[in-house]
Amino acid sequence: MNRHLHDWNLAPREAIALQRRLAGRVEPEDRLGEVRCIAGVDIGFEQGGAITRAAVVVLAWPPRGPGVFDVVEEVVHRGPTRMPYIPGLLSFREVPAALAAFERLGVMPDLIMVDGQGIAHPRRLGVASHLGLWLDLPTIGVAKSRLCGRHGEPGPVRGDWAPLIDGPDDEVIGAVLRSRVGVKPLFVSPGHRLSLAAALDWVIRCLGRTKLPEPTRLADRLASRRGNR
DNA sequence: GCGACAG
DNA sequence: ATCTTGTCGC
């Protein structure tokens, strides 16, 4: 079945072929059903990288106030690191741990924000898309830097953005978003079952006082085992 | 061959 | 990603 998706001991060449095949299953949708909670996912490492630490934070929607969310649930999964980091093959290193964390979740979220790219990937299957396909849930890729694509400098105001273009056909694969004045922009792209416009909309609506949207920011903090800011 | 390269 | 102190700014 989809069991082979769990055979993360794929050689790079096989992994790339799998990405090409799976990319065709990614579905862009304009809107979601009723959203009651949004999850943020991020992976951290311990002991020099030997241990992979996956964190999932589920927040209630709508927020209690501007940028203020109630935490519904938090899960951390720790396990041995199996794959090295290879640009373009990040999902094979991080998704297994993320899935293990989701299996422990009591409430499945209606939308997931992942630290990394969605379709803004050489083969249109970044970690957010891969996770979304596996869970069959809407996902958004929220990365702190660029993997591929060309773009101009977004405006200086929060909410300003510039399209992320790639390929010979100038395909729009994401957006470079100014999430906060005076900081490097975020790279937002659809993961699965969501359009770019919807993805951007959700990320902006989840922005609090910092650069990262709350779901990703809290998951990042938990994955890196930092208690504060 | 050279440069780029999520986390 | 992670290793790490102080420091500039609101």
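## The surface near DNA strand C

In this predicted model, the residues of the surface near DNA strand C divide by class into 1 nonpolar, 2 polar and 1 charged. The residues that surround DNA strand C are Gly44, Phe45, Lys144 and Ser224.

## The largest pocket

The largest pocket has a volume of about 400 Å³. Of the 22 residues that line this pocket, Tyr85, Leu90, Asp115, Gly116 and Gln117 are the closest to its centre. Two elements, S1 and H2, each give two or more residues to the lining, and H2 gives the most, with 3 residues.

Sorted by class, the lining of the largest pocket holds 8 nonpolar, 8 polar and 6 charged residues.

Helix H3, which runs over residues 127-135, is mostly covered, with 7 of its 9 residues buried. The buried residues of H3 are Val127, Ala128, Ser129, His130, Leu131, Gly132 and Leu133, and they pack against helix H1 (12-23), strand S1, helix H2 (90-103) and the strands S4, S5 and S8. After H3 comes Asp136, a residue whose phi is positive, near 55°.

In helix H4, which spans residues 196-205, the buried residues include Leu196, Ala198, Ala199, Leu200, Trp202 and Val203. The cover over the buried residues of H4 includes the strands S1 (37-46), S4 (111-115), S5 (139-143), S6 (161-166), S7 (171-177) and S8 (186-192).

## Ser179 in the loop between S7 and S8

Ser179 has its place in the loop between S7 and S8, and this residue counts as buried because its relative accessibility is 0%, where the cut-off for a buried residue is under 20%. When its neighbours within four places in sequence are left aside, Ser179 is in contact with Arg158, Leu186, Leu207, Thr210 and Lys211. With Lys211 there is also a polar pairing, in which a polar atom of the side chain of Ser179 lies 2.7 Å from the backbone oxygen of Lys211.

Definitions and conventions:
Residues numbered from 1 in each chain as written. Chains lettered and ligands numbered in written order. Predicted model: local features only at pLDDT ≥ 70, side-chain atom pairs only at ≥ 80, totals over all residues. Heavy atoms only, no water. Buried < 20%, exposed > 50% of the residue type's maximum accessible area, 1.4 Å probe, protein only. Helix = DSSP H or I, 4+ residues; strand = E, 2+ residues; numbered from the N terminus. Contact = heavy atoms within 4.5 Å. 1 Å grid on protein atoms, 1.4 Å probe; cavity = no way out; pocket = protein on both sides within 12 Å on 5 of 7 lines; lining within 4 Å. Points joined across faces, edges and corners; volume = space filled by probe spheres on them. Nonpolar A, V, L, I, M, F, W, Y, C, P; charged D, E, K, R; others polar. Near = heavy atom within 4 Å. Polar contact = N/O pair within 3.5 Å; in protein donor to acceptor, adjacent residues only side chain to side chain.
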